[in-house]
Amino acid sequence: MIPFRRAALAVARRELRRERRRGTVAWVTIPFGVVALLLVPLAVGTEQVLLRRIGPGLYWVVVLLFGVLVAVGDHDGRSQRDATALLGIDPVAELTGRALAATLLLLGFELATGVAAVVLYDLPVVGLPQLVVVMVLVAAGLGLLGTVAGAVAGAGPGAALVPLLVAPLAVPLLLGATQTLDGFVQGRSTISWILMMIVAVTVSAVVVVVAAAPLQEGR
Amino acid sequence: MSQPTAPSSPSRGRVVVAVLAVLAAAVLAGVSPADAVQGELVRIMYVHVPAAWLAYLAFVVTLVGSVGYLVTRRFVFDRLAEASAEVGVYFTGLAIALGMIWAKPTWGVWWTWDARLTLTAIMFFVYLGYLALRRATAEPAVRARRAAVLGILGVVQIPLVHFSVVWWRTLHQPPTLIKPDKPSIEGTMLMALLAGIAAFTVVYGLLVARRMELARLEADLAAAEASLDRPVAGSAVTAPELGEAR
């Protein structure tokens, strides 16, 4: 059996190499997210005051909805999964590696669409340390949830279910992200919201560990 | 070859008990007094609250079935989880719909961004996703395993939905029955509400039992069809016959 850390890192590297070759996140999901940010003002109005008020919320909604597509990645076909099992990779290490890669890709997605939101909606960049913490927690939470949902839904027609499975469960992340940054701007304490996000990420990580074996068995 | 066994009908006794329980609950809901503030609208609560209670019960039973399947690998637990989730989604939808009908004359809107309402809607969609996942996976063992994971994950929402009215002080009233101190409701109304909960629970039991039986028959039928004698692949291809040379 390959050691857990080595296996998880190898899986993460494999996923990132796949993304580098295919460029789905860089050339499809990120541009699509920016287009969504661009379309919203055409529907709700282009007044700067309005956009500055609703911009942060819109940004996090785009991160959640489009981030699911990043998080789920490409699900392995049966032969690929059989090969992974034959290599003796621990199912938990495999899902952990996938979640790690998804988290890194999501951070890139957040960064790219975040710059677009700041430019398009004229958003002030305040509370940088809080912003970084929130971005990392949202990326980790979505990465873990998307990985579990991808394994639950499987390849084929079930894969279309992933957004439906993840979006309702990611509500604590959306609430935490918007309320933390809003609280910082308003001068309120934001620790309870950050704690809620940490709990959500921890629960998601526990689910990955507990669910990995039954989800990956009989591959 | 396994043959599908004949369906078992629900015992007449259970059906009679369910009908009597529903009738008793309806009579009690009818004779209980109108509310001092809500007036006759309070009668919606005698269906809304039991429906919400059943949603909790159904999803907890789904959790039990899911854990049971992962531990024992017996399909009866998977069928229990499936049947309970289906009934639970129906009653969650009913609770939401009745709540909206009650809210329009009381709050002035069909929907408000109250924590309880929003979280209940989210719970509804999570279990709708659970049912969709079941439909999307054909192989029974894979379906049962994946659904069990989601059935366990989804139950996290029940305490969130129930305690949302305590944690976030929003428009929806706090718990009336399930709380540390005595129920905050008038005696006759409490009787009507408890009768409704009991009746709905009996109906739930009946529906889950029937749905499980149906799922067993579907599984038996699928197994019988799979074991039928069929021509092997390529049997239609025959060797060419060589004619006599002319």
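This is a predicted model: local features need pLDDT of at least 70, side-chain atom pairs count only at pLDDT 80 or more; totals for chains, interfaces and linings use all residues.
At 40% relative accessible area, Arg188(A) counts as partly exposed. Arg188(A) forms a salt bridge with Asp182(A), with 3.1 Å between the closest N and O atoms. Asp182(A) has a relative accessibility of 32%, so Asp182(A) is partly exposed.

## The two chains

Chain A contains nine helices and zero strands. Read along the sequence, its pattern is α-α-α-α-α-α-α-α-α. The C-alpha trace of chain A spans about 60 × 35 × 25 Å along its principal axes. Contacts in chain A between residues at least 6 apart in sequence join residues at least 24 apart in 83% of cases.

Chain B has seven helices and zero strands. From the N terminus on, the elements of chain B run α-α-α-α-α-α-α. In chain B 41% of the 246 residues count as buried. For contacts in chain B between residues at least 6 apart in sequence, the share that joins residues at least 24 apart is 73%.

## Where the chains meet

The size of an interface is often given as the accessible area lost when the parts come together. Chain A and chain B bury about 1,600 Å² between them, and 75% of that area is on carbon and sulfur atoms. In this interface, 18 residues of chain A are in contact with 17 residues of chain B. Zero salt bridges are counted between the two chains. Three residue pairs are in polar contact across the interface of chain A and chain B, with both residues at pLDDT 80 or more.

On the side of chain A that touches chain B, α6 (128-153), α7 (162-169) and α9 (191-216) each supply at least two residues. Helix α9(A) gives the most to this side, with five residues. By type, the residues on this side of chain A are 15 nonpolar, two polar and one charged.

## Salt bridges

Over all chains, the structure holds 13 salt bridges. The table gives some of them.

| Salt bridge | Closest N and O atoms |
|---|---|
| Asp122(A) and Arg52(A) | 2.7 Å |
| Asp182(A) and Arg188(A) | 3.1 Å |
| Glu213(B) and Arg216(B) | 2.9 Å |

Asp122(A) has a relative accessible area of 39%, so Asp122(A) is partly exposed. Arg52(A) is also partly exposed, at 38%.

The pair in chain B has another setting. Glu213(B) and Arg216(B) are separated by about one helical turn, because they are three residues apart in helix α7 (residues 187-226) of chain B. Glu213(B) is buried at 12% relative accessibility, and Arg216(B) is partly exposed at 22%. Elsewhere, salt bridges that share partners join Arg14(A), Glu15(A), Arg18(A), Glu94(A) and Arg98(A) into one network.

## Positive phi angles

Most residues other than glycine have a negative phi, and most peptide bonds are trans. Arg73(B) is not a glycine either, and its phi is positive at about 60°. Arg73(B) lies in the loop between α2 (45-72) and α3 of chain B. Its relative accessibility of 33% makes Arg73(B) partly exposed.

Helix α3 (residues 75-107) of chain B holds Asp78(B). Is Asp78(B) buried or exposed? Asp78(B) counts as buried, because its relative accessibility of 6% is under 20%. Not counting residues up to four places away in sequence, Asp78(B) touches Gly65(B), Tyr69(B), Arg134(B) and Ala144(B).

Lys104(B) also lies in helix α3 of chain B. With a relative accessible area of 35%, Lys104(B) is partly exposed. Leaving aside neighbours within four places in sequence, Lys104(B) is in contact with Val109(B) and Trp110(B). The C-alpha atom of Lys104(B) is separated by 23 Å from that of Ala192(B), a residue 88 residues apart from Lys104(B) along the chain.

Terms used
Residues are numbered from 1 along each chain as its sequence is written. Chains are lettered from A and ligands numbered from 1 in the order in which they are written. Side-chain values use heavy atoms; hydrogens and water are left out. Helices (H or I, at least four residues) and strands (E, at least two) are DSSP runs, numbered from the N terminus. Buried means under 20% relative accessible area, exposed over 50%, partly exposed in between (1.4 Å probe, protein chains only). Contact means heavy atoms within 4.5 Å. Buried area is the accessible area (1.4 Å probe) that two parts lose on being put together, summed over both. A salt bridge is a side-chain nitrogen of Lys or Arg within 4 Å of a carboxyl oxygen of Asp or Glu. A polar contact is a pair of N or O atoms within 3.5 Å; within protein, one must be able to donate a hydrogen and the other to accept it, and residues adjacent in sequence count only if both atoms are side-chain atoms. Ala, Val, Leu, Ile, Met, Phe, Trp, Tyr, Cys and Pro count as nonpolar, Asp, Glu, Lys and Arg as charged, and the others, Gly among them, as polar.
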